[in-house]
Each structure stands twice: as structure tokens, then as C-alpha cells.
Amino acid sequence: SGHPQFTGKKIVITAGPTREKIDPVRYITNHSSGKMGYAIAEEAVNTGAEVILISGPVSIDVPSGVTLIQVESAEEMYQAVMDEYESADIVIKTAAVADYRPKISFDHKVKKQPGEQSLELERTKDILLELGKLKNRQILIGFAAETDHLVEYAQKKLEKKNADMIVANNVKADGAGFGTDTNIVTLFKKDGAFIELPLMSKKAVAVKILEEASNLLRNENR
Ligand code: PMT
């Protein structure tokens, strides 16, 4: 299929974890390093696209040519994505967004007490689901981080979220998922086709995802 060319197109990528505040010194997060999303952003610049990277807190340098929008919480990520969505041609949701946040976040440090303590959680917004509902001409690509039933869950996600493609990774497999420089992914497309890729660098996975995005965009414009 050759190297995708996205000159004049706008690609929005989310990356990294979110942080859900408990109090000024504590938060809930996950193991996302941002490597997968930043690799996609770096490769996307090479296609000639305008690249917007909406990132949770990570310690990776922003690739040159990328416009970085830094966020912390799932709610902030939701707002930032919504602001960019209308004018986007391709949206790739690599971020590991918290599904729950503390129901109350304190503006003072919570003092420890004798005995047990419990933390009440509430759901965050499902950004991918909202994007799927609002979709008009955008190509919408989600990720699925699973430990079991990968195929079944990824196919369900594709349908439920109205996505054009789901990139599924088994985060329990060696060399895949969080923190590594490599990944093992399967690309599930809405026509039912799927592409199982071997262990690859996250950069090479990024190129594959952009190639498929290019095919999807071409079919959409036909
Ligand atoms: O950052 P790295 O260390 O390189 O690790 C890469 C990765 C493992 C984080 C990445 O490859 C990956 O799998 N990202 C998605 C992680 C995830 O949250 O998966 P999920 O199955 O919980 O969510 C499915 C999809 O819905 C994702 O596209 C996610 O961005 C999106 N989502 C989830 C929750 C939520 N409230 N809003 C969302 O939009």
C-alpha cells in the first residue's frame, strides 16, 4: 500500500495515562508510558499531516512538528478531544483513560485515621463512545487493552463504539502493552477483516496503523 500521504489532513492522537485526583498529594492512574501514542504522532508527522497530540502526564519529549496539548484527568482529555474533533480527519485514541475517578476530590490532604478507609468512585465519560456518536466524516480508531478474550472484546468494542478500527493488544503478553518499546497488536476493521501483526517496535506498529487509516480514508471518500 506504500507510505501514506496525509498532506492537508488533520490527525488527532491521544496518548498516555490520565490522573484522577484524590487530594493534593494522591491520585489514581495506570501504567501507560505514552510510548505507543508518541510513536504514532512521530510517524504521522512524516505523512505530511497536521498532528495534534493530546497527552496525559508522561516523560517523553514531544516529537518535532507535533502540536502538544497536555491534560491530566479524563475530563480534561474529553474536553481537549472534543475541541479538536470537528476539524479532525483521523482520530487515534491510544490513551489509557481512567474509567473511574474519586467521587469527591479533596482540596486538602486527607489525614490518615485508625482503621480501614474506602474510596468511592464514579464513572468518567467514555470519550471513544461519545466520538462514535458524533462521528460524521472522521476516521475513528480506538485501542483495546485486554488481558483475556481479546478477539471477542475487541470486536464488541468496534461495534459498540462505532469505530472504524480497533487496535487490540494483549497487555499480559511479553513485549506488548504498557511501557515497552515493542507491541503485539491485531487490527480489527469494521468490515470484519482483521490483521494479526507479530512482535514489532511501536514505531513499526504506528506505520501499520497509519497505512490502514489511509485505506479507511480512501474508502470513505470514494
Ligand atoms: O503508553 P504505552 O506504555 O506505550 O502503552 C500503550 C497502551 C497499552 C496504553 C496502548 O497500546 C493501549 O492499549 N491503549 C488503550 C488503553 C485502554 O485504556 O484501553 P481500554 O480497553 O480501557 O479502552 C478502549 C478504548 O477506549 C481506548 O481507545 C481508550 O482510549 C478509550 N477510552 C477508554 C475509557 C474512557 N473513559 N474513554 C475512552 O475514550
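Modeller: Two points come first. This is a predicted model, in which local features need pLDDT of at least 70 and side-chain atom pairs count only at pLDDT 80 or more, whereas totals for chains, interfaces and linings use all residues. Residues are numbered from 1 along each chain as its sequence is written.

Colleague: How many helices and strands does the protein have?

Modeller: Helices (H or I, at least four residues) and strands (E, at least two) are DSSP runs, numbered from the N terminus. In this protein they come to 5 helices and 14 strands. The radius of gyration, taken over C-alpha atoms, is compared with a globule rule of 2.2 Å times the number of residues to the power 0.38. Here the radius is 18 Å, close to the 17 Å that the rule gives for 222 residues, so the protein is as compact as a globular protein of that length. The C-alpha trace spans about 65 × 35 × 30 Å along its principal axes.

Colleague: What share of the residues is buried?

Modeller: A residue is buried if 20 or more other C-beta atoms lie within 10 Å of its own, exposed if 12 or fewer, and partly exposed in between, with C-beta atoms placed from the backbone. Of the 222 residues, 38% count as buried. As for contacts, two residues make one if their C-beta atoms, placed from the backbone, lie within 7 Å. Among contacts with a separation of 6 or more, 61% join residues 24 or more positions apart.

Colleague: Which residues touch the most other members of the largest nonpolar core?

Modeller: In soluble globular proteins, nonpolar side chains tend to be buried together. A nonpolar core is a set of buried Ala, Val, Leu, Ile, Met, Phe, Trp, Tyr and Cys residues joined through C-beta atoms within 7 Å. The largest one here has 56 residues, and Ile 13 and Ile 141 touch the most other members. Beyond residues up to four places away in sequence, the contacts of Ile 13 include Gly 37, Ile 40, Ala 41 and Ala 44.

Colleague: How many residues of helix 1 are buried?

Modeller: Helix 1 (residues 35–45) is mostly covered, with 10 of its 11 residues buried. Among them are Lys 35, Met 36, Glu 42 and Glu 43. The elements against which these buried residues pack include strand 1 (10–15), strand 4 (50–55) and helix 5 (202–221).

Colleague: Where do the buried residues of helix 4 lie, seen down its axis?

Modeller: In helix 4 (residues 150–160), the buried residues are Leu 150, Ala 154 and Leu 158. These fall within an arc of 60°, so they line one face of the helix. The face turned away from them carries the exposed residues Glu 152, Glu 159 and Lys 160. The cover over the buried side includes strand 9, strand 10 (165–170) and strand 12. Just after helix 4, Asn 162 takes a positive phi of about 55°.

Colleague: Which residues of helix 3 are buried?

Modeller: They are Ile 127, Leu 128 and Leu 131.

Colleague: How many residues surround the ligand?

Modeller: A residue is near a molecule if its C-beta atom, placed from the backbone, lies within 6 Å of it. The ligand is surrounded by 25 residues, the closest being Ser 33, Lys 35, Met 36, Ile 127 and Phe 143. Helix 1, helix 3 (127–134) and strand 9 (139–146) each give two or more residues to this shell. Strand 9 has the largest share, 4 residues. Ala, Val, Leu, Ile, Met, Phe, Trp, Tyr, Cys and Pro count as nonpolar, Asp, Glu, Lys and Arg as charged, and the others, Gly among them, as polar. By these classes the shell has 12 nonpolar, 9 polar and 4 charged residues.

Colleague: Why does Glu 122 count as exposed?

Modeller: Glu 122 is exposed because 10 other C-beta atoms lie within 10 Å. This residue is in strand 8 (residues 121–123). Leaving out residues up to four places away in sequence, Glu 122 touches Tyr 100, Arg 101 and Lys 103.

Notes. Arc of directions from axis to C-beta.
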